[in-house]
Amino acid sequence: MNQNNYKKTSYNQPFIEQRADPYVYRHVDGMYYFTASVPEYDRIILRGAKTIQGLKDAKEYILWKKHKKGPQSVHIWAPELHYIYGEWYIYYAAGDVDDVWAIRPYVLHCKGQNPLEDEWEEMGMMKAADGDEFSFHAFSLDATVFENKGEYYWIWAEKTGVGKQISNLYIAKLETPNKLATVQVLLTTPDYDWERVDFWVNEGPAVLKHNGKIFLTFSASATGACYCMGMLYADEKEDLLDPRVWKKQRYPVLKTDEEKGIYGPGHNSFVKAEDGVTDLCVYHARQYDEIIGDSLYDANRHAMIMRVKYDVEDMPVFEYEAH
């Protein structure tokens, strides 16, 4: 479909066009960084700016390109930039041109303190914890990392089962930036009908902290108009490796809105606005639902932004806003 042939509304205007799985990070110096999947799925890009809006027209640096053959040669997906252990790392997923769905998580490390201009080096595939016989042996992707009480936690999606596999979300502690310290723990599996459209999927985890609680959004179902966001939450004082402390919302917290012209919202990230208080949700969505062929290869998933509001119970509320 011609990308101009859609219902234009004040709600569905892109922040950055043709950038799916958007990830925005605010560093301690106030600098903002943006990375995302590109339509060609062949490289990792990064932008930097002093403001959120400045990212829209900021120079886009190519930090890394796919290999010509073997692992990391196709389907370069969902990079995330993190500053942990005093250095810059990027987590991303990649497949093999000879086995395109052999998707696994990989790690890049920046040799310096300027992620835009300093050299990046490969650290290879993410390593499971000693004694973990399950992690990263099947389709694995969409890793994110967050800190709680001085410890880093790693959350990712991985498929399990036989036949048409199911994508679940798992959590573990980090031992080093490229190795887990603990055996995987299952956080959520596609329980409900809205998580099972075309594919049974939980993926794209993103962490939001607010007033002592940790909220974990995730994306569900196939990548067309059925794509939507669900949410789990837990108290920061609890043992986050105990799946029983996580509560899952019965219904999606963000989904397609035909009237506003927003289709398949998902794979979001969270970042503070310039005031250091307001939480922003950066997500991708399309402006139409009539997709020819596989929705995964439709280029027009655009990065969009909304403010996160909170209800009387201090739970996050995701509402489309006019621009």
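A pocket is an open set of points on a 1 Å grid over the protein atoms alone, with protein on both sides within 12 Å along at least five of seven lines; lining residues have an atom within 4 Å of a point. The model is predicted: local features need pLDDT of at least 70, side-chain atom pairs count only at pLDDT 80 or more, and totals for chains, interfaces and linings use all residues. Residues are numbered from 1 along each chain as its sequence is written, and side-chain values use heavy atoms, with hydrogens and water left out.

**Overall build**

The protein has zero helices and 21 strands. Both are DSSP runs numbered from the N terminus: helices are H or I with at least four residues, strands are E with at least two. Of the 323 residues, 57% are buried, meaning under 20% relative accessible area with a 1.4 Å probe, protein chains only.

| Pocket | Volume | Lining |
|---|---|---|
| Largest | about 670 Å³ | 23 residues |

Y23, Y25, V145, V207 and F270 lie nearest the centre of the largest pocket. Strand 1 (20–26), strand 5 (71–84), strand 9 (140–148), strand 14 and strand 18 (263–272) each give two or more residues to its lining. That lining has 14 nonpolar, four polar and five charged residues. Here Ala, Val, Leu, Ile, Met, Phe, Trp, Tyr, Cys and Pro count as nonpolar, Asp, Glu, Lys and Arg as charged, and the others, Gly among them, as polar.

Strand 5, strand 7 (99–110) and strand 9 each give two or more residues to its lining. Strand 7 gives the most, with four. This lining has twelve nonpolar, six polar and eight charged residues.

Four strands form an open sheet, in the order 14-15-16-17, with antiparallel pairing. Two strands pair if DSSP finds at least two bridges between them. Strand 14 (202–210) and strand 17 (247–248) stand at the edges with a single partner strand each, so one side of each has no neighbour in the sheet. Seven bridges join strand 14 to strand 15 (residues 213–220). E203 stands opposite S219 in strand 15.

Key
1 Å grid on protein atoms, 1.4 Å probe; cavity = no way out; pocket = protein on both sides within 12 Å on 5 of 7 lines; lining within 4 Å. Points joined across faces, edges and corners; volume = space filled by probe spheres on them. Buried < 20%, exposed > 50% of the residue type's maximum accessible area, 1.4 Å probe, protein only.
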